[in-house]
Every structure is written in C-alpha cells, then in structure tokens.
Amino acid sequence: MAKQYTDEELKKKLTPEQYHILREKGTEQPFTGKFLNHHENGMYTCAVCGAELFSSDTKFESGSGWPSFYEVAKSDAARLIEDKSGGMHRVEVQCANCGSHLGHVFNDAPDQPTGMRFCINSAALGFDPKDKAKK
Ligand code: FE
C-alpha cells in the first residue's frame, strides 16, 4: 500500500507548482513539462504516493503539449470523474490510491489502440526506469 500524506507533509514534499496541480487541480503550461519528450522505458508513477499509473509502452505523441498515454497501467490505478468546471465537460483523471489530480482523459485518439488520450501533467508524475520497475 502506497503511503498517504497529510497536507502539511505534501507542501514540504512537492514544489508549489506540483502542489497546485495535484492538490488544487491545476494544469501546467503546455510544452513545458519534463516528461513531454521523455522516451525511456519504464513506469510513470504518482508524484504524491508513488502508485504505478502509466507504462511507457502506452505513451504517444499527441501534439497536445502534455504527456499522453492511451491506457492506464492497471485498470484500477486511476479514478475517472466527470468534470464540468471551466465551462467544459471533461473527464478528470485522479490517482485512485491518493485522490491526487493528474489530468483529463479524452476519447479523441482514434489512431491509438484504445482510442483514448490520457492527458497528464508532467508535474503530477514520477518515473521508475524499467530495470528498477516491479513486474
Ligand atoms: Fe497517488
């Protein structure tokens, strides 16, 4: 079971930008995230609790400016929540383990195996290279 943190611990653990995105549902500026053009093999994890979220095998170039994945690493790793904020109707993606905000998911990737585009903030993610990742 991944560790749970209090709000105070998170303010120390995360950068202000990460805290804003993960805990206040912020969005990083497009084309700025550290994982946008990251192509190593491994597992992307939750920056808060370390839960395994997205495999590099499912990462693709969407042109959106945010890291994009067509599938979650495990079906129960993410929680999908209807989001009507900002005058839009979207589906929010949260870490199922700790409830942190990760990004949104859209069904606009017809050239991908699932047709889905998980549009995820780099700042919400950590990364475990494949040789260290659990199988
Ligand atoms: Fe988490």
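Q: Arg-90 and Asp-83: buried or exposed?
A: This is a predicted model, where local features need pLDDT of at least 70, side-chain atom pairs count only at pLDDT 80 or more, and totals for chains, interfaces and linings use all residues. Residues are numbered from 1 along each chain as its sequence is written, and side-chain values use heavy atoms, with hydrogens and water left out. Buried means under 20% relative accessible area, exposed means over 50%, and partly exposed lies in between (1.4 Å probe, protein chains only). Arg-90 and Asp-83 both count as buried.

Q: What N to O distance joins the side chains of Arg-90 and Asp-83?
A: A salt bridge needs a side-chain nitrogen of Lys or Arg within 4 Å of a carboxyl oxygen of Asp or Glu. Arg-90 and Asp-83 meet in such a bridge, and their N to O distance is 3.7 Å.

Q: How many salt bridges does this rule count?
A: Arg-90 with Asp-83 is one of them. Lys-25 with Glu-92 is also one, at 3.1 Å from N to O. The count by this rule is four.

Q: How many residues apart are Lys-25 and Glu-92?
A: Helices (H or I, at least four residues) and strands (E, at least two) are DSSP runs, numbered from the N terminus. Lys-25 and Glu-92 meet in a salt bridge. Lys-25 sits in the loop between α2 (16-24) and β1 (42-46), while Glu-92 sits in strand β6 (residues 90-95). The pair links distant parts of the chain, with a separation of 67 residues.

Q: Which residue forms a salt bridge with Asp-108?
A: Asp-108 is partly exposed, at 42% relative accessibility. The closest N and O atoms are 2.8 Å apart, and the partner is Arg-117.

Q: What is the phi of Phe-31, near which value?
A: Phe-31 lies in the loop between α2 and β1. Phe-31 counts as exposed because its relative accessibility is 57%. Lys-25, in that loop too, has a positive phi of about 60 degrees although it is not a glycine. Phe-31 is also not a glycine, and its positive phi is near 65 degrees.

Q: Where is Asn-121?
A: Asn-121 is buried, with a relative accessible area of 2%. Contact means heavy atoms within 4.5 Å. Not counting residues up to four places away in sequence, Asn-121 touches several residues, among them Trp-66, His-101 and Gly-26. Its place is the loop between β8 (117-120) and β9 (125-129).

Q: How many helices and strands are in the protein chain?
A: From the N terminus on, the elements run α-α-β-β-β-β-β-β-β-β-β. That gives two helices and nine strands.

Q: What share of the 135 residues in the protein chain is buried?
A: Among contacts between residues at least 6 apart in sequence, 53% join residues at least 24 apart. The C-alpha atoms fill a box of roughly 45 × 40 × 30 Å, taken along the principal axes. Of the 135 residues, the buried share is 50%.
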